[in-house]
Structure formats: C-alpha cells, structure tokens
Amino acid sequence: MEDKHFCCQGCKTVFEILNENDLCEYYSFDKNPGVSLRYVSDESFAYLDEAAIRKKIAEFDSDSFSRVRFYVPAIHCISCIWLLENLQRLQKGILKSEVNFSGKSVRIDFNPKEIAFSKVARLLTSLGYAPKINLKTEELPNSVGFNKSLVIKLAIAGVGFGHIMLLSFPEYLGLDGTDEYLQRIFSYINIALAIPVTFYSGREYFENAWKSFAQRQINIDVPIAVGLFALFFRSVYDILWNVGPGYLDSLAGLVFFLLIGRWFQSKTYENLAFDRDYKSYFPLAVQKLVDSEWKPILVYELSPEDMIRIRNNEIVPADSLLESEAAYLDYSFVTGESKPVRTVKGDWVYAGGRLIGQPIELVVKKRTSQSHLTSLWNEAAFQKPEEGKYKRIIDKAARAFTWVVLLIAVVTGVTWYFYDASRMWLVLTSVLMVACPCALALAAPFTYGNMVRIFGRHGFYLKNADVIERMASIDSIVFDKTGTITHGANTVKFVGLIDDYELAWVKILTAASTHPLSSLITKSIMSHSIVEIENFKERLGSRVEGYIKGAYIKVGSAEYTGGKDPVIDASRVFVSINGEPRGYFQIETSVRPQVGEVVSKLGKRVVALLSGDSNGESNRMKHIFQEYTKLLFNQSPHDKLGFVSSLQQSNSKVMMIGDGLNDSGALQQSDVGIAVTDNAGVFNPACDGILAGKQLGLLDKFLTLSKTSIVIVKIGFGISFFYNLIALSFAIGGFLTPLTAAILMPISSMSVVGFSTVAVMWVAKQTFKEAK
C-alpha cells in the first residue's frame, strides 16, 4: 500500500476491496473506471427490504432466489462491465450479475437469505455505480433518446467552424493587402475558437484513444485523435511562429462533420440495440375472463386486476396473485432450478413460471412486459453452441483495421515529407480520417435486423438475428405431425358407450391440456359441467388423467387406457373411467393448406416426419411426403431428440419443426428449432423461432431469404472494402482534404446501411409477391 498513491480515500477503499478479493485485474482495463467510492450508511436503501417494495422492483423473489434489475447510469466502459459482472466475487450471496451495456442496466441474481435487497443496492453505490430507482414506474429508464451532450458539442463545433471560416476569408480570397496586424489578431482568435472545438467537442476521441492504450488495445478513435492532435498543434505552431495560416478551418470543419457522423452512427446503433416494442414480438396470448367467459387475449392488452386462466404447461405472462387453492410452478426459465414450487391461494406468482398440473386462475397485479418473457427466450441455457460466425469475422477484421491504417499513415507521412513537406500534415490527417471500419461492422446487424422485422410481419418470429445466419446453412428438415402438418379436424366422433355427464367430465379434463388433439376433443363436446379436477396429471403429447367427482378418468392411447385399437386411417384418443374402457374419439384431422406444396418445394431437404401418434394416418402422410422421406410413428420425445442428434453426427445442419409440446428436446438439439403454433399461449424457449400455423406454406420463402441475407451481407462487406480502398488511394495521393475525408467517413456507413435496407426490402417484396 505504501508505494501506491490515491486521489482520494474513496479510490483507496476501492483498491482495498478489490485487493482483498483478488480483483486487481480490474485496473488493467481502465485507469479511471466508474466513479469514486463513497461512504454508504446502513440505512441507505432500507426501504427496498419492505415486502411491498420488493414485489414492485423484483423480477423474481423467493426464499432462496431473487432477481432484480437496476438502472445504473454510471456504466460507461469495459471496466464497468467487468467489475459489475464479478460482484459474486465481492459479496457472498450474489449468484450472478449480467450487464446490459446499451440499456445501462445490471441484472443481479442473489440469495435473499444471505444478502438483502438493500445491501445489493448499497454494494453497487459503494463501488460508484449507484442504482437509479423510480418506484412510480415499473419500466427501466430508456437510455435511448435525446443526447444533450452530443448536441452541445455539435453546436460548439458548428459555431467555431463558421466563425473560423469567416475570419479566414481574407486568406480564401487572396487579399494580400489586408492589414498584417488584423491578420495576426484573426489568427489568434481562430486559435481561441479552435481550443473548445478540439478539446471539448472532440474530447471523446481523445478519451477513447487514451482508454484503448490503457487497455492495451487499439480502436478506430486512435487515428482520429492522432489526426486532430497533429492538425491542431501544427496549426498553432504555424501561426505563433508566423510560418503560415495553419489549418484551423479544416480542423473545426473536421470535428463538426465527425460529430455529425458520430450522431448518425449512434442513431444507427440505437436502432439495433434498443429492445423491440413488445408488440413486435410473437403474439403471446392468454385466456382472460370476459363476461363470465374465458376468451383469448394478447398479453400486452392485460391490465392490473384482470382475471386470467393458465393451463398445464403454459407460462404465466405477468406478475399475479393466485386465486385457485394451490398450484405447482416450474421457475426453471427464471432461476435455472427445475424443481416445481408449491404456491397457495393469495401467493405472488411471477412472470415466466410454467404451470405444472391442473388449470389455475390468477389476478394480474403488474402490467405485463413481453420483453421480459422474450429475455427468458434468450437465456444462455437456450442458446446454440455456435452463433454469430460473421460477427466473429468482423471483430477480427476491425481489430486489424486500425493497425493497418496507422501503418499506411506513417508510410504516407514519410513519403510526403520528402515529396512536399508543406502538404504532409493535411495528407496525413486525410488518411487517418477517411478510413473507417464502421460500415464493415454495420453490414451484418443491419441486414439481419431488417430481415428479422420482415419475417415478423409475415408471422415468423425469431429469437434473435443469429437465427437467420444458421437458417441459411440448413440442409435437413424434420417435421412433427400433430399440430404441425395437421391442424383442426374434419370430424370428431366418439365410438363407444358413455353418458353425457361423463363426456362433460372428459371435456373438463381435456380443456386443461394444450395438446392439439385435446383441444379438438374439447371443442367437439357440447355437454357442460362446472366441477373441479383433482390430482390432474399430463404426460406431454401422450395422456391426461385426473379425478372428477370421485371418478378416475384417463384419456390417451389404447395401451394406456386398456382399450382395443381398431385398424382405421384416423387418429384415435381412448377414454377409460375408473379403469373401465369406454371407447375412443375418432379424429380425422385436416392437413394444413399448402403443406403438400411447401414439402414439394423443399424437396430432398425434408428427411423425416416424426409423430408420437400411432400409424393410423400413415397412408395419408405417404401422399404428402416423398418416398425418400422417413415416416416414423410412436416416437417419444427422447426418440425425436435422438433422431435429430444422429443427423447432426453425420454433419447435417438440421431444422426441427414441431408444436413445441412434446418435442422441446428435439427443438433445442437442432441447429434451428421452429415451433408452429395456432395457440399463441404455448411458448417454449427451447425453440429459435415461432411460426404462425397459417404461414407454414411460406417456409421455403423464409429459407430462401435467409440465404439471400448472407449474399447481401457479403455485398455490404464488399462495399465497405472498396470504399476504404478507393478513399485511401485518393487520400494517399493528396486528392482529399481532411474536411472532405470527414464528410466521406459517415457516407460510407450510410451507403452500407442504405444498401442493406433497400436490398432486404426489395428481395422480400419480390419473394412474397411470388407467394401470393
């Protein structure tokens, strides 16, 4: 400690904390990360421990696991991210922390038995990252918006640029007779104007360059900072030693146009980084009580105090209070723990919990946030092992780019020093300014981002933009049958002996299930009864059972219920009551329109049809699928996962298309898993995309557009490469001024963004026009 010097007691305390916990690696990232540590009293944030406040701010809260997301405006660099994502090494009880840099927020998972909500907030504050808590709104502040600082810098640069040009007019007009004394005065005024333009408006370039050196890295701001520094001090030298008028007009114009480019790029990145409005996500629906009837409603239309009904395997869309007597909820999407949690009437139920068992009724207490549910979709547990191939290529290229530019600038400067030393500084600055890898970095995210929006407008909702890239490489497609190829029913009839009141009981039991055949049976039964299910159990995609008024009812396969399976070309669902087989529902399902056509267009990429049902519909499936497609029936979820895995072991890129009920393992295992759904209440995070059932016929179009996206990205890379090649050639040859280079720099980004946007819109329009 004796050999170290600190600017304040706060910084010394931070060092002591980090040193005690072996976290001094922090200082290798940034010399001044965050802000200075301040003393935080034990009473600070005590209100966060109140039960009512905890419910308002927590994303999840239980006896052993809690999750909170704080808005932290002080997050600004890689050091901030590193420190905030290592909180578990600083404080016992914190399990995990994750920073959203663009949203200026940190999500913290912790054990409330070991650390209180208030202590978590105090820890952040003591490290210099005080959370900004607003109890009047449930939403985090939106970090995307009006950037006052940038506007002030832009205004100062603009005013300085205009005045310096005005005072330089005698030079522009070649008025040699101008009073020499006035020329000197004007030159000194220009220096005074250039100082705030360079060191205030252009401060961010110098800061970023310095930080990159401190982190032993290099970024695109380094050559810009070098160019500004060289141009300013060369101009000051020329003016003070009466060598010449300097280049302060070019310098001020350079900063002004660089800031315009920075503003444009910030808007571009905000457009990519800002969370999409929840209405643009998949249309998740839930049953709401309206005029004594349960009606489906989109989650973003829910309001506090609405009564909703959740069925087995459905996800709770909003924080609510349990109205039913008891329920078991699986919070594995939130906590990672798959053990069901028992809740009783009056307990708080959190969004993201999946119901296990019989239907429950809930009263909504918080307005729903579908973006929160979609964040669960992007949890690490549901990520594919290989994502973002082009992102990795771009990152490597961008790192090498700046070094190449600096090398070219040095060689150019030396060459011009011997050729025409009077123009060396202008040429050198032009080279440093005109080269820009930003267009390279924008090609992929803008192309994929626009394509994701196009897909969403046509009923295909993707988890993230990386799915586009993986879809382009698909060479093997596997279909599920029930709920995917088939949908709805031409006829549903019961064959056997059963009373009307017993049929009403069967209806109550099947209504608790989300399986497509259960839904068809429920709709076909006209009898009604208002009774409760007891001991409800469901094996997904296979069977349901439960007690109704003391009668033990089982609905499922012949083997499960003890019935006899007739050989007919239709789906069959058997019923037994108190161990006595009563008959079966004969269901002639209808095939989705355009399925035959899309299967034909996909050709040999369709390698298999997997079904958990019996082979009753095998003859009809043979008319839809080609001879080379395997038709496999009586497939368990494990069998489906194994089949997909075997294809991947033979180096196939597999797309699994199912209903997301009994094939979630196969969806997760596949390279791209697509859940086809007509009941938008069933949301499975294991999939990579959700496709509206009526849009299944467009599957070949979506795959074609994915491949086209790769072509557009490559063309975008080409545009960026040729821009830099041509622009550097002109700059090296002395044909560009720094001012022109500063104007060209954002134009390169605009050209790639414009091309990507127009190209995506044009190919999408042409593709879907052909589909009409």
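In what order do the strands of the open three-stranded sheet run? Reading across, the order is β10-β9-β12, and the pairing is antiparallel. Because β10 (341-344) and β12 (354-356) stand at the edges with a single partner strand each, one side of each is left without a neighbour in the sheet. From one strand to the next, the twist averages 45 degrees. Keep in mind as you look around that this is a predicted model.

Stay with this sheet for a moment and pick out β9, which covers residues 326-330. Four bridges tie β9 to β10 in the antiparallel sense. If you want a landmark for that pairing, find Leu 329, which sits opposite Val 341 in β10. As background, strands of a sheet pair through backbone hydrogen bonds, and they can do so parallel or antiparallel.

Now for another sheet. This one is also open, but it has seven strands, in the order β14-β26-β25-β24-β15-β22-β23, and its pairing is mixed. Its edges are β14 (460-462) and β23 (630-632), each of which pairs on one side only. Here the twist averages 20 degrees from one strand to the next. For a parallel stretch, look at β25 (residues 672-677) and β26 (residues 689-692), which are joined by four bridges.

Next, the nonpolar interior. Generally speaking, nonpolar side chains in soluble globular proteins tend to be buried together. The largest nonpolar core in this model holds 49 residues. Which of its members touch the most others? They are Phe 455, Met 471, Phe 479, Phe 625, Met 655 and Ile 657. Helix α24 gives the most to this core, supplying eight residues. There is also a second, separate core of 42 residues, with Ile 164, Tyr 247, Leu 258 and Ala 741 among its members.

Is Ile 726 buried, partly exposed or exposed? Its relative accessible area is 48%, so Ile 726 counts as partly exposed, since that class lies between the 20% and 50% cut-offs. Ile 726 belongs to a nonpolar patch on the surface, together with Phe 721, Phe 722, Leu 725, Phe 730 and Phe 735. Taken together, the residues of this patch have about 680 Å² of accessible area.

Notes
Residues numbered from 1 in each chain as written. Predicted model: local features only at pLDDT ≥ 70, side-chain atom pairs only at ≥ 80, totals over all residues. Heavy atoms only, no water. Patch = residues over 30% accessible without salt bridge, like charges linked within 9 Å, V, L, I, M, F, W, Y side chains within 5 Å. Areas by Shrake-Rupley, 256 points an atom, 1.4 Å probe, with all protein chains shown as cover. Salt bridge = Lys/Arg side-chain N within 4 Å of Asp/Glu carboxyl O. Buried < 20%, exposed > 50% of the residue type's maximum accessible area, 1.4 Å probe, protein only. Pairing = 2+ DSSP bridges. Helix = DSSP H or I, 4+ residues; strand = E, 2+ residues; numbered from the N terminus. Axes fitted to C-alpha atoms, helices over the stretch in contact; angles between N-to-C directions. Core = buried A, V, L, I, M, F, W, Y, C linked by side-chain atoms within 4.5 Å.
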